[in-house]
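Me: I would like to learn how to read a structure, feature by feature. Please give the general idea, then the case here.

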Amino acid sequence: MSEAPAGLDRLRHFIATATRLATPAGLAQSAELEAEFAALIRHDDWLPDACTVPHPQYYQQYLLHCDPLERFSLVSFVWGPGQQTPCLLYTSDAADDTPCV
């Protein structure tokens, strides 16, 4: 059996950390989670190639991980050249989602 690429190991490590930090109420932002995310995105080899392909007309979303207890999910967003989308400020209350300026 071949070893997993380093990038995939980094992604798995981040998911394992997020899973450990998640509570029944969800996954709260914390210094530990932020540090793990920073370590993940410090490299650009962790996103599987199949999850880097843009849609020809608009941004593409790929579900990378959904916690089995639905406490959090990890999603990539991919834009092609010249594509854009409105920026939204998401809050815990979907009714309060506000466009960024």
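**Reading the features**

Me: What kind of model is this, and how are residues numbered?
Reply: This is a predicted model, in which local features need pLDDT of at least 70, side-chain atom pairs count only at pLDDT 80 or more, and totals for chains, interfaces and linings use all residues. Residues are numbered from 1 along each chain as its sequence is written, and side-chain values use heavy atoms, with hydrogens and water left out.

Me: How many salt bridges does a search of the whole structure find?
Reply: A salt bridge is a side-chain nitrogen of Lys or Arg within 4 Å of a carboxyl oxygen of Asp or Glu. The search finds four. One of them joins D9 and R12, at 3.9 Å from N to O.

Me: Where do D9 and R12 sit?
Reply: Helices (H or I, at least four residues) and strands (E, at least two) are DSSP runs, numbered from the N terminus. D9 and R12 are three residues apart in helix α1 (residues 6-21), so about one helical turn separates them.

Me: Which parts of the chain does the pair R20 and E32 link?
Reply: R20 forms a salt bridge with E32, and their closest N and O atoms are 2.4 Å apart. This pair links distant parts of the chain, with R20 in helix α1 and E32 in helix α2, 12 residues apart.

Me: Are R20 and D67 buried or exposed?
Reply: Buried means under 20% relative accessible area, exposed means over 50%, and partly exposed lies in between (1.4 Å probe, protein chains only). R20 has a relative accessible area of 52%, so R20 is exposed. D67 is buried, because its relative accessible area is 1%. The side chain of D67 meets that of R71 in a salt bridge, at 2.8 Å from N to O.

Me: How many disulfides are there?
Reply: A disulfide is a covalent bond between the sulfur atoms of two cysteines. The rule used here asks for a pair of cysteine sulfur atoms within 2.5 Å. By this rule the count is zero. As for cysteines, C51 is buried at 13% relative accessible area, while C66 is partly exposed at 40%.

Me: What lines the largest pocket?
Reply: Work on a 1 Å grid over the protein atoms alone. A pocket is an open set of points where a 1.4 Å probe fits, with protein on both sides within 12 Å along at least five of seven lines; lining residues have an atom within 4 Å of a point. Here the lining residues include F14, L27, F37, F72 and V75. Two or more residues come from each of α2 (31-41) and β2. The largest share, four residues, comes from β2.

Me: How much space lies in the largest pocket?
Reply: Grid points are joined across faces, edges and corners, and a volume is the space filled by probe spheres set on the points. About 500 Å³ lies in the largest pocket.

Me: Where is V75, and is V75 buried or partly exposed?
Reply: V75 lies in strand β2 (residues 73-78). V75 counts as partly exposed, because its relative accessibility is 32%.

Me: Where is E70?
Reply: E70 is in the loop between β1 (60-66) and β2. E70 counts as exposed, at 68% relative accessibility. E70 and G26 are 44 residues apart in sequence, yet 7.9 Å apart in space, C-alpha to C-alpha.
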